[in-house]
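Student: I've got a structure to go through before class. Can we take it piece by piece?

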There are 2 protein chains.
Amino acid sequence: MNRLQRALDALVERIDTPAPIVLADVMQENIDRMQAFAAQHGLDVRPHVKTHKCVEIGRRQVKAGAVGITAGNVGEAEVFAAAGFDDIFIAYPIWPAGTKGPRIRKLAETTRLRVGADNVAAINALADAMGDDAERLEVVIEVDCGARRSGAAPEDAGALALAARKRGLVPVGVFTYPGHGSAGPDARKGAAEDQDAALITAVRSLSGAGITAEVVSAGSTPTVEFATSSVITEIRPGEYVFNDLNNTRLGACTEDQIALFVAGTVVSDWVSGQVILDVGTKALGREGSPEIGYGAIAGTAAVLSKLNEYHGFLPLPDGDFRPGVGTVLPVVPNHVCPVVVNFEEYIVTDSTGTTLERWPVDARGFLN
Amino acid sequence: MNRLQRALDALVERIDTPAPIVLADVMQENIDRMQAFAAQHGLDVRPHVKTHKCVEIGRRQVKAGAVGITAGNVGEAEVFAAAGFDDIFIAYPIWPAGTKGPRIRKLAETTRLRVGADNVAAINALADAMGDDAERLEVVIEVDCGARRSGAAPEDAGALALAARKRGLVPVGVFTYPGHGSAGPDARKGAAEDQDAALITAVRSLSGAGITAEVVSAGSTPTVEFATSSVITEIRPGEYVFNDLNNTRLGACTEDQIALFVAGTVVSDWVSGQVILDVGTKALGREGSPEIGYGAIAGTAAVLSKLNEYHGFLPLPDGDFRPGVGTVLPVVPNHVCPVVVNFEEYIVTDSTGTTLERWPVDARGFLN
């Protein structure tokens, strides 16, 4: 990870900390690699924008060949639709209360819109919200494959798709999320196999109901390399664009593929063997644990051991790494997604640290 | 905490979830109670705005008698200064690199500005940044009282204050943060005693250097009720304005004094004995642990057991509480500060749930 420190050293006079730094060349390699993997296996890529929430990055993903984008809520979809994205899947079991019903109807006027659903009540509420425009809304039935989160039983997918069709909505397929594949390096392959099994059952269930699954959509960065069965038509990875320590630990990326770090400054060094960085939970989130720490300093063995809101506690390992007050360090997060939403903008450079652009985190505040 | 559910029931048709809901009457009681406590003990209140980051709430604190505000970084100070706040203490050991030096100098032109410092290098950098305007910047020396975070040894405060004076800056006193008072209910009083001891030593150190400590500034919501020694002149609580489960557990507030919750909707109920809410880490932060959970449903025994980014896992305790899909529930966070920064605006109501205003989280993106 020394290229992170090299880029930062070249950049450091021109930025304030804390700040999220993106190495655009590494990011582009990540995008291209995922696209090449998908092409090799005949899969569409529909990247999840929850990770970056940035229009410019979404455009690069589409330019590289993504068929559209995945969003996590209506607000994210609205931001990207307003920026011209016209093929959006909200991969979430939306409950269209409040203003969400009218907002979904409006979105469907200008974009090809797909939403997730895992229960009949939500399907009916979506149909009510769409009114005469029901045929504009495509529904993808969510099934569970072992994450025990949202998603119907795979064998119930057909009945749900029928319920959608009955109300004039357009059932187009099924999706699932193999979240249990993040449990450890050995969990990835098994979770992908569970995903296959659930999707095969769900497709068969749709077929039994007389409905063709045009879309059979799978997650996720940790499991995607195993998501190559013939039943799957698209993948929805998000984190691959930046990568992070969690994915490195899982074996889903290498350290050289990490494209985002947070620049932090040493602000205090009074405690022997420890320095304090200006990077706390309001920059990194509290992602981690006492065991693995809360973020690592690239190119060193140092790991943040504790976070307050604006303070990161960095015990110094034995050796020569003795950063003084004012030193700016690259902090690699455990989990990149909750980092991005803390900032207004990315500092975008490359591995040389010479270029500098600022890209807004466009959808950061749009949570509902 | 049933008044949270009552307010939400009255409000629910008019809001989208997830959303942070503030009960303005409870909040005002919290503000007034803290002010009355301070008046009784002859203390100034300088509330920390990191908790709310909201100009309107800051104004209410000042109207109730606060002498000024505390900020955690230059960006927060800028937002409040632009809104007319003219007495701001950045209680942080600022390192004025990048644009921070010029920004601090500019801030000091229009507001009475105090900044923290715990080392000579930072003091010199601040003086360099201020140039001919050094006498506009007041410096408060940070000392450690046991949190082992930032802050010089209390007996070194005088030397640091002298270093500031030598460079033309204006040393006005000392501050500390008794963060170790959050370790548990029994830790609060001891941490406050450590705080007293450190501040007494620091004041003596300044006095020995021929400098009067006009300001002797203490934290924090969990310890403030014990921060009544004669050496302390001001308190900087932040969380008291909203309160949260952590402060309830510490005995620093009652459940009836909790003024903020996050409204979340049940979006899926496929897993037996569990429902999924649309409230995950991007609404609550990952504040909590497997032991205490990640947020509680007011008025019930139900606690979020796990969070993904947009999903909260809610196991249902034995009993009648069986919320169906579409039910909107009040989630009380463990730690309120990292919640607020995830949202663009507060939904502000009162305990009756009839009023509805929207207040921006003005300083949410200003981290550096």
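Student: How many bridges join S1(A) to strand S16 of chain A, and do they run parallel or antiparallel?
Tutor: This is a predicted model. In it, S1(A) and strand S16 (residues 345-349) of chain A run parallel and are joined by 3 bridges. Within S16(A), Thr349(A) is the bridge partner of Leu23(A).

Student: What about S1(A) and strand S10 of chain A, parallel or antiparallel?
Tutor: Those two run antiparallel, with 4 bridges between S1(A) and strand S10 (residues 260-268) of chain A. Pro20(A) stands opposite Val262(A) in S10(A).

Student: Which way do the residues of S1(A) point, and are they buried or exposed?
Tutor: Ala19(A), Ile21(A) and Leu23(A) point one way, Pro20(A) and Val22(A) point the other way, and all are buried. In a regular strand, side chains alternate between the two faces of the sheet. Since 5 of the 5 residues of strand S1 of chain A are buried, the strand is largely enclosed by the rest of the structure.

Student: Switching to chain B. What is the strand order in the open sheet?
Tutor: The order is S2-S9-S8-S7-S6-S5-S4-S3 in chain B, 8 strands with parallel pairing. Strands S2 (44-45) and S3 (69-71) of chain B are at the edges with a single partner strand each, so one side of each has no neighbour in the sheet.

Student: And how many residues of chain B are in contact with chain A?
Tutor: 55 residues of chain B are in contact with 55 residues of chain A. The chain B side has 24 nonpolar, 19 polar and 12 charged residues.

Note on methods
Residues are numbered from 1 along each chain as its sequence is written. Chains are lettered from A and ligands numbered from 1 in the order in which they are written. This is a predicted model: local features need pLDDT of at least 70, side-chain atom pairs count only at pLDDT 80 or more; totals for chains, interfaces and linings use all residues. Two strands pair if DSSP finds at least two bridges between them. Two residues are in contact if their C-beta atoms, placed from the backbone, lie within 7 Å. Ala, Val, Leu, Ile, Met, Phe, Trp, Tyr, Cys and Pro count as nonpolar, Asp, Glu, Lys and Arg as charged, and the others, Gly among them, as polar. A residue is buried if 20 or more other C-beta atoms lie within 10 Å of its own, exposed if 12 or fewer, and partly exposed in between; C-beta atoms are placed from the backbone.
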